[in-house]
Amino acid sequence: METLPRFDDILEQVQAYMPSCDEDLLRRAYIFSAMAHQGQVRANGEPYLVHPLEVARILADMRLDEVAIAVGLLHDLLEDTYVTEESLAEQFGEQITGLVKALTKISSLEQSYAARQAAQAESFRRMLLASIEDIRVLLVKLADRLHNMRTLHFLEPNKRRRIAQETLEIYAPLAHRLGMGKIKAELEDLAFSHLYPEEAQKLSQEMAARREKAAAAIDAIRAELAALLAEYSIEGEVRFRIKHLYSIWRKLNAQGISLDQLFDFLAFRVIVGSVAHCYAVLGLVHQRWRPVPGRIKDYISVPKSNGYQSLHTSLLGPEGLPFEVQIRTRDMDEVAEKGVAAHWLYKEGRDPGADHHRLAWLRSLVEGQQESPREFLDSLKLNLYPEEVYCFTPRGELVRLPRGATPVDFAYAIHTEVGHTCVGARVNGRLVPLRTVLKTGDIVEIQTSPNQVPRRGWLDFVVTARARSKIRAFLNKAEKEPARQLGRKLLEREARRMGFGLKQGLDGLNLKEALAQHGFAREEDLFAAVGFGKLAPREVLAALVRERPEPILPSKVRPLPAGDSLAVEVRGDRDLLTFRARCCQPLPGDPIVGYITRGRGVAIHRRTCPNLRRLSLTPERKVEVHWSLTAGSYPMPFHVFFEDRPGMLAAISQAITNAGSNIRSCHLATEDRCGVVNLEVDVSGREQLDQVLSLVRRVPGVTRVGYGFTQAFRQVLRPRTTQAAGS
Ligand code: MN
């Protein structure tokens, strides 16, 4: 049996690194704990007091302050003895009592975890972190768990398995998150040996054999590393370690490899005085042994998220034996083993403020601990996940959200339907606007109404991808619906006109080719594009025409009704129905091409029209056309951007009048001191249009002029300020 720990040894250990420690506090804590636990025994028959003493010793190994060590001595009192909160507070004050209470609370949370699924592990870990106000609670908890794991074999198998499982799922990852590599490794190996005793034993034997086989090489490499340091007068030390059991097992399993293929099975650690020396040693090591490509890792310039810093490189040693070298400074090494504790630990004569300065989040985590915990989850100052907030439903379920999240994000996190119908929110019982930013610990109650629908304005403040995409999807669907119906109608009408002879509209039509040609996945999207006017119905149906070719004869082209045609000649024949293609709006003066449509005459395109290129899949329909001498007037759309100042519209219409043109319609919109107007003017041809545009361009305040209507400032499409000027 191990020798029982003695309080005086622990006190001595603490005094060695903290000569000014409050000896009286520690002694009182010890005596109080000893009295309270009197008569209790642990599963192995030892006096219960051994446990708090061992926990205190582990905390002293971490070099924690006297408060943490006192809490270690007292940590089981509220849970396992008749000591009350009041008497504890009377003896040791608010702070220590608060910390012991927090530890007791964790135990009760564990009970709830035991009843849950393993899939809950991550939320449970986060919950634990979010619940703790003082990092020392977690450090004492880890020390407590470590000692329990060290003595786990005395418990009955079922209980043993459960605790080992919980350690693997909750506490080892927490130790890792806090950067406490040493404790994490020990917790994992202990849990592993209890959960998978045979595998653990087999692997450990295999490793021992391997290590023995490589013993000579290990000694040689170690000696050479030391010699390298000496040769270049770099002060430092060389250590050897074997990767810990569980991490090897996990790696072998995850990658399906054998021990031989593991580059970091054998690792040497070179601890030097400065960062410059770290990189110098890396260079020397690479000169001496062949590095394995792709295995050099610089965690000094890019530390791991838990603060770990080191250089890693894998090398090929004698007889192709792979090994890893880790190079770091003393400070980095301390952080690597002790993590958060390395920053918290007491160092004589060192300004703790300056020390903490390195990790801003850590400071925020140790501040504000003097506040007495109200409902435990209330005033959470500790934030190990600064990018996240944790809120609760009124029933106490945890909802994890990114920083900046609002009640709408919360509602969508619960259920899409709750998001769609949310009308209001109570946070901690108070009614708040939906755009309120939530804080960790907020209890959020969402109010819904069946009449509510998602608002576009919500997109301005939601931060979760889920809320954003659900709102977008809803709005898109709602806004697209009328366009979709219109597009469908237009297509049906066009199909009838083109003689598809459909009985039930489009349903009998194979639209696949049209979908593929225009890059749509679903028919609804195609309909919507037609409805929005992005695609002409005949353009869509052209694809289907190809499937069922029909002779295209000039006889199909009907003579045009008088007065409705363009002044163009088609192959010398002036009596054909012609119309200006809407896509490019050709004007007399433009080089043009005709395209024979089905039953609607000849569409006149500009030669440069991009649509024409698409239509050239049926070249036999193209015809030579040219402008005849007959004069006429043609509507031409264009748009003007301008600075929003008084008299702009008057100045623009004056410029149009000066060019001898007439305004047919005019739709105006302004936004953020910019204006845009969609205009339709009558011109006799290209020449006059150019004149109109050039005069408009010269109006002071006009910033841009372009062909066609623009959809900028969407309202322009739905004219609110319609003015017909000059007609
Ligand atoms: Mn305990």
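The legends below treat a predicted model, in which local features need pLDDT of at least 70, side-chain atom pairs count only at pLDDT 80 or more, and totals for chains, interfaces and linings use all residues. Residues are numbered from 1 along each chain as its sequence is written, and side-chain values use heavy atoms, with hydrogens and water left out.

**View 1. The whole protein.** The protein holds 27 helices and 22 strands. Helices (H or I, at least four residues) and strands (E, at least two) are DSSP runs, numbered from the N terminus. Of the 727 residues, 49% are buried. Buried means under 20% relative accessible area, exposed over 50%, and partly exposed in between (1.4 Å probe, protein chains only).

**View 2. Helix α12, residues 215-231.** This helix has 17 residues. From first C-alpha to last it reaches 24 Å, close to the 24 Å expected at 1.5 Å a residue. The expected span is 1.5 Å times one less than the number of residues. Ala 217, Ile 218, Ile 221, Leu 225, Leu 228 and Leu 229 are buried. They cover an arc of only 110° around the axis, so they sit on the same side of α12. The arc is that of the directions from the helix axis to the C-beta atoms. An α-helix has 3.6 residues a turn, so residues three or four places apart point the same way. On the other side of α12, Ala 216, Ala 230 and Glu 231 are exposed. The cover over the buried residues includes α11 (197-213) and β1 (236-242).

**View 3. Helix α26, residues 648-658.** Here Met 648, Ile 652, Ser 653, Ala 655 and Ile 656 are buried. Their arc around the axis is only 150°, which puts them on the same side of α26. The face turned away from the buried side carries exposed Ala 650 and Asn 658. Among the elements covering the buried residues are β18 (634-643) and α27 (686-697). Gly 660 follows α26, with a positive phi near 80°.

**View 4. The manganese site.** His 51 (NE2), His 75 (NE2), Asp 76 (OD) and Asp 144 (OD) coordinate the manganese ion at 2.2 to 2.4 Å. Donors are N, O and S atoms within 2.8 Å of the metal (3.2 Å for Na, K and Ca); water is not among the atoms, so sites may look incomplete. His 75, in the loop between α4 (66-74) and α5 (77-80), and Asp 144, in helix α8 (residues 135-150), are 69 residues apart. His 75 is buried, at 3% relative accessible area. Asp 144 is buried too, at 8%.

Definitions and conventions:
Contact = heavy atoms within 4.5 Å.
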